[in-house]
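I opened this model to look up its strands, its helices and a few single residues. My entries follow in the order I made them.

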Amino acid sequence: MDPLSGFLGSLLWWLFFLYLLMWPQLQFRALQAARARLMAQLARKRNSTVIAMIHRQESIGLFGIPVYKFISIEDSEEILRAIRMAPKDKPIDLIIHTPGGLVLAATQIAKALKEHPAETRVIVPHYAMSGGTLIALAADKIIMDPHAVLGPVDPQLGQYPAPSILRAVEKKGPEKVDDQTLILADVAEKAIKQVRDFVYSLLKDKYGEEKARELAQILTEGRWTHDYPITVDHARELGLHVETDVPEEVYALMELYKQPVKQRGTVEFMPYPVRQEGKK
């Protein structure tokens, strides 16, 4: 074999290997740039600081390993930094798409959002459950897609809802349960009170003390399962002020947070063919 041909063959093979390694990163960087452009466009349109917390399963690396996301301490650090850097006289639009996460992190974000001097708006294009709802309650305005949902904010201790732990002890009787369950019930009672008091503090300025206490009670008492969907209509029935004018740019932004590519998609659609005038 010609030495030059062998060298070129090896070089091409290594270039192809490097391409396979780098391609996912190049794709991700292109996505990040597209997201940044769209958020900048939305910020100019709404004259606001735009922050996005989008928790979708994303694939990374050569083998497309899925990464599952939820509200974390890292999220609270990033969002608190963004809120601190935001102009004090300009609104904040916080776009949320999350199944929930750490109460501590959600509480930090909610408190920082509430204390921003200018108007704050939380935009929910699809869902903001648990800690996501807690953050939404802190905003001056909640803007939801007509089919988006919020959720209850009752605390969870491991795999068990705190209100259910208390009810189990109440039904069985404290004398018939073990010490570990009694300790768990004590922690559950404290957790409910802490979250309920915090929700009340978020709502009392907007809704008045009586309504704020009522909403805090409803959302933390375990009336529903923790994944119960509170729709726009239901939220309004409860007395929450909810608007539905989600900017189109938010939907476009969500398209840039695609789920991992599967060999066969579970949902497909074909847009309706719109004919241009003068053409058949």
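**Strand E4 and its neighbours**

I began with the pairing of E4 and strand E5 (residues 120-124): they run parallel and share 4 bridges. I count two strands as paired if DSSP finds at least two bridges between them. Helices (H or I, at least four residues) and strands (E, at least two) are DSSP runs, numbered from the N terminus. Before going on, I noted that this is a predicted model, in which local features need pLDDT of at least 70, side-chain atom pairs count only at pLDDT 80 or more, and totals for chains, interfaces and linings use all residues. Residues are numbered from 1 along each chain as its sequence is written, and side-chain values use heavy atoms, with hydrogens and water left out.

Strand E1 (residues 49-54) is parallel to E4, with 6 bridges between them. Ile-54 faces His-97 of E4 across this pair.

Is E4 buried or exposed? I get 6 of 6 residues buried for E4 (residues 92-97). Buried means under 20% relative accessible area, exposed over 50%, and partly exposed in between (1.4 Å probe, protein chains only). Ile-92, Leu-94 and Ile-96 point one way from E4, while Asp-93, Ile-95 and His-97 point the other way; all are buried.

**Thr-49 in E1**

I checked Thr-49, which lies in strand E1. Its relative accessible area is 19%, so Thr-49 counts as buried. Leaving out residues up to four places away in sequence, Thr-49 touches Ala-86, Pro-87, Pro-91, Ile-92 and Asp-93. Contact here means heavy atoms within 4.5 Å.

**Helix H3**

H3 has 12 residues and spans 16 Å from its first C-alpha to its last, close to the 16 Å expected at 1.5 Å a residue. The expected span is 1.5 Å times one less than the number of residues.

Which residues of H3 are buried? I list Ala-105, Ala-106, Ile-109, Ala-110, Ala-112 and Leu-113. Seen down the axis of H3, the buried residues fall within an arc of 165°, so they line one face of the helix. The arc is taken from the directions from the helix axis to the C-beta atoms. These buried residues pack against E1, helix H2 (73-85), E4, E5, helix H4 (131-138) and helix H6 (179-207).

**Ile-73 in H2**

I found Ile-73 in helix H2. Ile-73 has a relative accessible area of 28%, so I class it as partly exposed. Its contacts, not counting residues up to four places away in sequence, are Leu-102, Leu-104, Ala-105 and Gln-108. Ile-73 and Ala-106 are 33 residues apart in sequence and 8.6 Å apart in space, C-alpha to C-alpha.

**Helix H7**

I turned to helix H7 (residues 209-220). H7 has 12 residues and reaches 16 Å from first C-alpha to last, close to the 16 Å expected. Its buried residues include Ala-212, Leu-215, Ala-216, Ile-218, Leu-219 and Thr-220. Their cover includes H4, H5, H6, E11 and helix H8 (232-238). Gly-222 follows H7 and has a positive phi, near 80°.

**The sheet E6-E8-E11**

I also found an open sheet of 3 strands, ordered E6-E8-E11, with mixed pairing. Strand E6 (127-128) and strand E11 (230-231) are the edge strands, and each pairs on one side only. E6 runs parallel to strand E8 (residues 149-150), joined by 2 bridges. Ala-128 has Leu-150 of E8 as its bridge partner.

**Ser-164 and the whole chain**

I placed Ser-164 in helix H5 (residues 162-172). Ser-164 is partly exposed, at a relative accessible area of 37%. I find Ser-164 and Thr-225 9.7 Å apart in space, C-alpha to C-alpha, and 61 residues apart in sequence.

Last, I noted the totals. I count 9 helices and 12 strands in the protein. Of its 280 residues, 40% count as buried. Among contacts between residues at least 6 apart in sequence, 69% join residues at least 24 apart.
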